[in-house]
Amino acid sequence: MNLSVAVFGRIVRRTVCVAILAASFSFAQAPPAPSVTYAVDLSSPEQHLVNVQIILPAGTAERELQLPVWNALYQVRDFAQYVNWVRAKDRSGSPLPVHEFNKSRWQIQGAEGGAIVEYQIYADSPGPFGAQLNSHHAFFNLAEILIYPVDARTGPFKVRFGHVPEGWRIATPLTQASDAEFSAANYDRLVDSPVEIGNFVESDFDEAGAHFRVIVDADPADYDLPKIVAALHKIVLAATTWMNDRPFDTYTFIYHFPRGPAGGGMEHAYATAIDLNADSIKQSLNALTGVTSHEFFHLWNVKRIRPQTLEPVDYTKENYTRALWFSEGVTSTAEGIIELRAGLLDEKHYLNQLGEGITELERRPAHLTQSAEESSLDAWLEGNPYYRRPERSISYYNKGELLGVMLDLKVREASHGQASLREVLQWMNANYAKKGRFFNDSEGVREAAEAVSHADLASFFAKYVAGTEEIPWDDFFRQVGLRVDTISNNIPDAGFIASRNFERPMSVAAVTPGGDAERAGLQVGDTIIELQGKPVGQESRQTLIELNSGDTLIVKVRSRRAGERELKWKVGTRQEISYELKDLAQVTPTQRERRIAWLKGEAQSAPDASSPGAPAGRAPGPAASGVSQ
Ligand SMILES: [Zn+2]
């Protein structure tokens with residue numbers, strides 16, 4: 001099936017409308033709605049100014065126009081702050097009154113014969129979560145720049161890019177109508193389609209019966225395209241085989257490899273946009289294959305296997321959902337499995353990663369006070385440094401990924417090896433996504449896990465998903481011959497905790513009282529601009545991890561009160577507990593067998609044929625044999 005869940009939502013609602021129409025005018029066929037057309041003018045890249053015209057077809061006299069307040073991140077960012085002005089005119093060019101209704105909504109009158117709404121918006125937010133026009137390129141999440149007519153959101157849209165600078169080309173998963181004109185069935189679909197315009201490099205390939213485009217906007221000296229494409233082949237084959245599904249014919253990867261800070265990846269139903277620091281991908285492709293596996297798996301989990309609480313998308317305020325531990329965290333669990341199956345990750349490194357994940361969760365005191373569901377609901381607070389403090393919050397990515405692993409092990413145990421996380425996800429794909437249904441947050445995940453395991457999983461969900469009980473790691477890992485070892489180490493201590501909100505600057509969340517960092521003048525709330533002489537980016541975390549006791553730390557910070565300053569202090573030492581996965585003293589052949597199946601992401605034996613929604617085919621993974629060496 002080749003429709004996103006969002007599109008299903010539209011169809012369901014339109015069916016209701018048509019039914020009502022049919023009852024009153026059963027003789028009349030409703031004509032197709034005329035398109036709303038955007039003309040997006042790129043003639044001012046140096047000023048980062050985008051001039052937009054919305055060409056509205058004839059209809060009601062009064063129209064409401066809305067610019068989304070959030071998109072791409074679960075954070076209200078009020079894109080209307082960048083709108084310089086809004087004007088409107090009728091088809092003959094006479095001005096129409098524009099009334100600002102609230103900060104992100106406008107009303108126009110006199111549009112019965114159609115109207116043209118014009119506005120100017122500033123776009124200079126870099127990265128996969130932003131919208132940016134500069135002299136180098138344009139990259140748009142269209143919801144951040146396109147105001148939509150509220151009454152036409154579910155109808156067809158066209159977008160035309162004008163004054164595209166000489167030599168620039170356009171890449172987007174949108175349907176191409178002509179050179180610079182694209183169409184979409186509705187606004188949701190339109191804005192789920194990232195657009196890159198510039199002088200990029202393109203490669204494409206076929207795999208698993210689909211066509212893939214790879215768009216790279218970076219310095220050619222910084223990356224090896226054939227190597228990237230080779231890894232993408234493995235990832236898409238491993239993921240589609242694991243899900244036994246390919247709900248698309250074409251898919252687009254958009255990459256940027258900036259020399260400076262880079263923000264990560266953003267998923268879309270038919271594409272992903274990924275930014276990674278150029279240095280980090282030169283050393284190894286691990287970061288690229290990890291993020292890519294994660295974002296690619298999102299085309300199922302969150303885009304098609306979608307929680308009811310995210311639908312319909314409310315562009316005017318937060319959509320509160322308890323399911324991000326699943327939609328994001330379990331996508332990270334799947335990322336690991338895809339990489340294992342693709343032969344891009346081995347057992348040793350995978351178990352190390354799990355140990356690091358457990359360490360991250362156990363070190364945050366908030367794991368005893370904030371549940372995975374609460375962390376999902378509170379995603380909207382993540383833009384605030386205090387919220388990110390270890391005593392205030394956990395990460396739904398971190399705990400969600402671990403819950404995905406625990407759920408996998410739980411389902412395996414309860415079903416005597418006949419089902420696994422794979423069957424849970426395939427069941428959700430078959431029974432929600434393919435049927436155009438959304439799932440009821442954690443309850444919907446539980447429904448799927450119980451259906452494939454034939455077990456009551458209420459207490460698992462109550463204790464670890466809705467609750468904050470300590471996860472008894474060893475009880476889960478024993479079946480695959482592993483235990484979690486606690487290690488107490490004297491480790492380097494920089495004397496502060498910093499955190500970063502996606503591509504925004506890194507800020508100081510906590511400073512050890514009486515420590516050298518505090519004595520040097522570091523304060524909570526300081527923005528860190530440079531670490532060891534390098535601008536702060538995604539790789540800064542690694543710089544901090546690699547510090548040794550006694551090293552001199554040189555940090556450039558900025559704050560509103562104290563301005564910009566360079567601080568220096570010596571890295572100290574403190575005791576810290578970390579967690580590692582280790583073999584049990586005696587690993588039995590049965591445990592060894594279970595572990596092999598677990599690391600392949602496969603059940604040990606075919607599920608009971610009578611189980612509802614049992615997947616039809618169970619083709620083995622392409623590189624699965626390389627997994628457990
Ligand atoms: Zn994600």
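A residue is called buried under 20% relative accessible area, exposed over 50% and partly exposed in between (1.4 Å probe, protein chains only). The model is predicted, so local features need pLDDT of at least 70 and side-chain atom pairs count only at pLDDT 80 or more, while totals for chains, interfaces and linings use all residues. Residues are numbered from 1 along each chain as its sequence is written, and side-chain values use heavy atoms, with hydrogens and water left out.

**Salt bridges**
- A salt bridge here is a side-chain nitrogen of Lys or Arg within 4 Å of a carboxyl oxygen of Asp or Glu, and the count comes to 32.
- Arg-574 and Asp-493 form one at 3.1 Å, N to O.
- Arg-574 lies in strand S29 and Asp-493 in strand S22, 81 residues apart; strands are DSSP runs (E, at least two residues) and helices are runs of H or I, at least four residues, numbered from the N terminus.
- Arg-574 is partly exposed because its relative accessible area is 35%, whereas Asp-493, at 13%, counts as buried.
- Arg-595 and Glu-347 meet in a salt bridge of 2.8 Å, N to O.
- Helix H16 holds Arg-595 and helix H7 holds Glu-347, 248 residues apart; both residues are buried.
- Asp-192 and Lys-303 are also paired, with their closest N and O atoms 3.0 Å apart, and both are buried.

**Helices H10 and H11**
- H10 (residues 421-431) meets H11 (residues 441-453) through Glu-423, Val-424, Trp-427 and Met-428, where contact means heavy atoms within 4.5 Å.
- On the H11 side the contacting residues include Gly-444, Val-445 and Glu-447.

Note on methods: Axes fitted to C-alpha atoms, helices over the stretch in contact; angles between N-to-C directions.
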